[in-house]
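Please look first at the sequence and the model shown here, and then follow the paragraphs below from one part to the next.

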Amino acid sequence: MANKITITSENVEFLRKVEELSGEIITLCDQCGTCSAGCPMVGEMDITPSQMVRNVQLGITDVLDTKAMWLCASCFTCTVRCPRGLDLSKIAEALRQIKLRKAVDYIDINKLPEEDLKELPQIALISGFRKFTG
Amino acid sequence: MSRKKFPFYPGCTLKTKAENFERSGLAVTRALNLELIEPERWNCCGTVFSLTDDDLIHHVAPIRDLIRIEEMNKNGIVDESRVVVFCSMCYNTLKRANLRVKENDEDLEKINNLMYREDDYKKSIEVIHLMQLLQEIGFDKIKEKVKKPLTNLNVAPYYGCMLLRPKEVGIDDPEDPVIQDELIMAMGANPIDYPYKKVCCGSYQTVHEKEAVAGLTYDILTNAQNEGADVVITSCPLCAFNLDNRQKEVKKTHPEFREMPILYFTQLMAIAFDLDEKTYGFDLNYIDPKPILKSKNLL
Amino acid sequence: MARIGVYVCHCGGNISEVIDVKEVAAFAGEKSDVVIAKDETHMCSDVGQQLILNDIKEHKLDKVVIAACSPQFQGATFMRTVESAGLSPYVMEMANIREQCSWPHFDFPKDATEKAKDLTDMAIAKARLDESLKKKMMPIGKRVLIVGGGIAGIQAALDLGDAGFKVYLVEKDPSIGGHMTQLSRTFPTEDCAACILSPKMADVPVNPNIELLTYSEVKNIEGFLGNYEVRIEKKPTYVDPAKCTCCDDCVDVCPAKVPNEYEEGLTTRKAIYLPNPIAVPHSYVIDVESCLGQVPLACTKCFDVCEPGAINYDQYAEEINITVDTIIMATGFEIFDATQKAVYGFGKYENVITAMDMERLIVHGAEGSPLRATGNRIAFIQCVGSRDEQVGNENCSRICCMYATKLSQLLKRSDPKRDIYVFYTDLRAYGKGFEEYYKRAQGDGVKFIRGRVAEVIENSKTKKLTLKVEDTLTRNIIESEFDLVVLSVGLRPNGGTDKVANMLRISKSPDGFLQEAHPKFKPVDTLTDGVFLAGTVQGPKDIPDTVAQASAASSRAIRLMNQGEFALDPIMAFVHEDLCDGCKLCVEHCPTDAITVSSGIASVNEALCKGCGSCLAACPKDALDLHVYTNDQVLAEIKSVLKSKKKEQSRFLVFADDMTAYRLSDNVGIAKMSYSIDSRIIRIPSCSRITPKLMLEALKAGADGILLGESEEKSSPFPDAISTINSNISKVKQILRKNEIEEERIRFVQFVTVMLGGFVNNMNGLGDYLKKVRPISDKKRKKLGIRN
């Protein structure tokens, strides 16, 4: 069944918030899909990166409950390819931060298996915690 | 002739799981008549550059490290204001933080104020990656140092993300990099050109999305193997971990997968320069590179 | 003694609802030299103009002042009015009390009325000193240079030649025809490109009015409308076209093989070759770069075999000098260099080709001699090098959607088994018949997929190509294999354009193509008089638009040349010969080389002088001056707007260049945006005309600050104005420093006409600052030195 959505000035608030945090003018995205097709993690995502941006453009806050933004590896492949010069990694980070700043962590360090913690190098753990915890 | 003294930022992982990167890298640079000096005190750079506009607190750590380098300069410990970094992630984080404060005095002022017990950062430091230093020395000069050419060894350069992207910190064309290929040729090996050389390995997703990262490892390594690669080289401890250790997970889903060694480029250089075997540090490599190297008469 | 009539306009309430127009008229009536002063509802109406005409006759007026709207708005109307009464059009002055007074200051009617009086007084002061100038008439002939022999240049040459004008058509390649010679068919009608082009090409050399100079390049252009001196270099072809029979014997024996540029390098040609099958002139040419027979004379195979003896190694480059009256730039485009987009692998992967390659493949395929296999699965990637900030080109190239639509259905129809995909971001079918053509391709089974391709990966064994792209309509990621990938490359400005454009001082728009004089009303003119644009030199366009524009450019050129003479505004530098000592400092400072010194006295070439006034500040003797805006006039204006200033009041002058700052101030007024009422705007052709001496005089006369507003460097009609202004300002600031007066009282801003907010901020910024630092003390004012 198709979703019905409404678009009100409150939606614009969310867009402005993400624009402010990311420093990107998100309305500039013309939805060409370059980011999605080049994304190394897109196969794991519930929505594509361009869909994530579209949701922000429309101010649909449900995007905060999608998995896509957490799967961004900050590899900047989309950043160097976006024909409109947008930095999607900043947009994804802004979305993560909106969640994390409400003290909602994405992963629980205590639940990581002991053997993983032993095996993983610091570089992985620190960057992972930086991205997934507040 | 006295050695030129560069400040050197190692980063956390080079002191532990990637100790072989530091060991081989320092040996190689010594062989090139450079002295890399680590600051007496330094802290973790934060590993990733914070991407939200309002977040300055996470830039404090990298800037504090740059203040340490400024101190080394002030005290005459080093000859250079360019700090050499081995780890691609540290390089990327330090360089981006440096760029941000250099372009934004207001941010720098705030960051300086947050570190009221430190000297202010004076913006005098440049951040460079070891690969850039090698390029500056000249690959022909490096070729002269090669005592044991890596003939018949097919080496796939893996660039990953942090050396190439975003463009303002990348050291080569993000879509068609060649700098490592040139280094491989200088060592007498065959560089393998393959499209996945710049595709992300999944980075820190390895903490939480092991299988997804293993999938990328599989794609990258099989692509390199299809083009005839014997080994893959990298300059990032996180890429190294994902490409090397995650082969264990790859094996589970792809039993036919042929394991292959992942090396730091400095390890290969140490071999080519015919340095003491102790500097190679193969004990820390997950997939043992010795068999293939032996088969090519390099050990 | 002047006899001035002053007219204050109500503008149907636009002015009179804020400003007490009767008070302003009464004020003006008190001024010396003013014979009559009236107010009227609509000065620009027939009634208003008739009023002026009657008064001129009845009261023997010799100067007219109209306090109304901006002179940019109705200036030309009132100039015609006074001209029709037998006066010089340059004895009419306007006080801008609408855009610069009643509109921006609508909240302060009392102060606005006071300001309106100042502005009217300023116009009266200037009018008193108005000279009875005439428009300068210059002769113009009927000779045109057309640079570039593509379809634009050909069309313009034929139009002008047929109309009886002498045309010099210069083409850098050995044949005319340009890119169109390479095309298979044209969209949306699918005419065979060569078939419709070749008769047009053939018409060129037989037209008695056209002198065709192929294999030639423009080396230098100097001069101005009616007198452009052009130096052209014609390269040797080493083949005498009169003797050459095109038998092809030379080609058979020539040993030097190079990539054939006409075939986009898909085939090779010899060092001696026919540029293309429909080449005009239809003659062979030796490409000296690859010929083995040139110095040292190692190979003479073609010479030996040529029966008519057409080959002559002793030809040399020829220098041709011509004088023309107008110039049409038709230097066209080049296709985007797809190697810049490494992610698509062009130049690296053998099965990635450009759309221009595909044009050639289709032509050869149709002739039954395919150049290479295409395979069955073919993908077109759109927007390669267009709409892409990663390669620095933001603009849409306009034709790629339609040529891809064309190529895809030509391929599909010639072999329906083919599976053809077009990956696009937006499909733009804006032209006549385009949408229908797109629909036809859809009906033919070409698959259009909305998504920009992220990357192309080659299988190194099979050489097949995998495309990664999001179908943005279903949000699926497509990873599919193709036999051939065609890059729909965009259009970039021809690399050779810059050189000629620089000679003619034509600026470029942000997309890199040449800038037209006005995007709406002067689309084929340039800001350089007598130079016009035709075709893709101005921006990407298709063939019909190119042809239409070429005809438009021809007609604009004819419009000028047919008059036999042209009018110049007399805003030009002139020399007070009694003061000139021939030092030549002005010569160096003139950006258009309009000043020469002979027998110890400078003189100004009125056709070259643009009236920027840069020379005025350079002259240590005050010998140089500017008609319409003389030193005496500007000084009188300055003094008149400062007269009413009260003690403890701050007031600043704004010198606004005609091209941008003045228009901008009008636009701000039109937008009813308000700004500091302490400002008085004085219109000048360029701030480079405001000498250090004038600035200091202004401060001495009571100004507390000065804002110089000028066009941004890239859009300025005066090439060196900015550096002149900067140097003038630094001289003034030096004197201020010495006298302990704040340097920030003098400000210089480069404007663009859309910067409304920026204008307001700058006005308020200075206004607020001056309130803070208080007026300059009388003691300090008196001490200001006024040496140049």
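Which handedness does the link of C:C192 and C:C195 have about the S-S bond? With 80° about that bond, the link is right-handed. This is a predicted model, in which local features need pLDDT of at least 70 and side-chain atom pairs count only at pLDDT 80 or more, whereas totals for chains, interfaces and linings use all residues. Residues are numbered from 1 along each chain as its sequence is written, chains are lettered from A and ligands numbered from 1 in the order in which they are written, and side-chain values use heavy atoms, with hydrogens and water left out.

The link just described is a disulfide, a term that stands for a pair of cysteine sulfur atoms within 2.5 Å. The sulfur atoms of C:C192 and C:C195 are 2.1 Å apart, and the count over all chains is 1 disulfide. To describe how far a residue is covered, its relative accessible area is used, with buried meaning under 20%, exposed over 50% and partly exposed in between (1.4 Å probe, protein chains only). On this scale C:C192 is partly exposed at 23%, and C:C195 is partly exposed as well, at 49%.

Other cysteines of chain C show what happens where the sulfur atoms do not come within bonding range. The closest cysteine sulfur to that of C:C400 belongs to C:C396 and lies 6.8 Å away, which is too far for a bond; C:C400 is buried, with a relative accessibility of 7%. For C:C609 the closest cysteine sulfur is in C:C615, at 6.5 Å, again too far for a bond, and C:C609 counts as buried at 15%.

The backbone of chain C also deserves a careful look. Most residues other than glycine have a negative phi, and most peptide bonds are trans. The peptide bond from C:F187 to C:P188, however, is cis, with omega near -5°, and C:P188 sits in the loop between β8 (185–186) and β9 (191–192) of chain C. Here helices (H or I, at least four residues) and strands (E, at least two) are DSSP runs, numbered from the N terminus. A cis peptide bond also joins C:V280 and C:P281, with omega about -5°, and the loop that holds C:P281 runs between β15 (272–273) and β16 (285–286) of chain C.

Positive phi values are found in chain C too. C:R398, which is not a glycine, has a phi of about 70°; this residue lies in the loop between β21 (377–384) and α11 (400–414) and is partly exposed at 29% relative accessibility. C:K463, likewise a residue other than glycine, has a phi near 65°, is placed in the loop between β24 (455–458) and β25 (465–471), and is partly exposed with a relative accessible area of 27%.

From single residues we turn to the places where chains meet. Contact here means heavy atoms within 4.5 Å, and by this rule 17 residues from chain C and 20 residues from chain A take part in their contact. C:Q390, C:R452 and C:R475 supply 36% of the area that chain C buries against chain A, more than any other three residues, where buried area is the accessible area (1.4 Å probe) that two parts lose on being put together, summed over both. In total, chain C and chain A bury about 1,500 Å² between them, with 46% of it on carbon and sulfur atoms. The two chains share 2 salt bridges, a salt bridge being a side-chain nitrogen of Lys or Arg within 4 Å of a carboxyl oxygen of Asp or Glu. A:R81 forms a salt bridge with C:E455, and their closest N and O atoms are 3.3 Å apart. On the side of chain C that touches chain A, β25(C) gives the most, with 3 residues.

Chain A also meets chain B, and this contact takes 45 residues from chain A and 45 residues from chain B. Between them the two chains bury about 3,800 Å², 62% of it on carbon and sulfur atoms, and A:E119, A:I123 and A:R130 supply 19% of the area that chain A buries against chain B, more than any other three residues. Chain A and chain B are joined by 6 salt bridges; B:D54 forms a salt bridge with A:R101, with the closest N and O atoms 2.7 Å apart.
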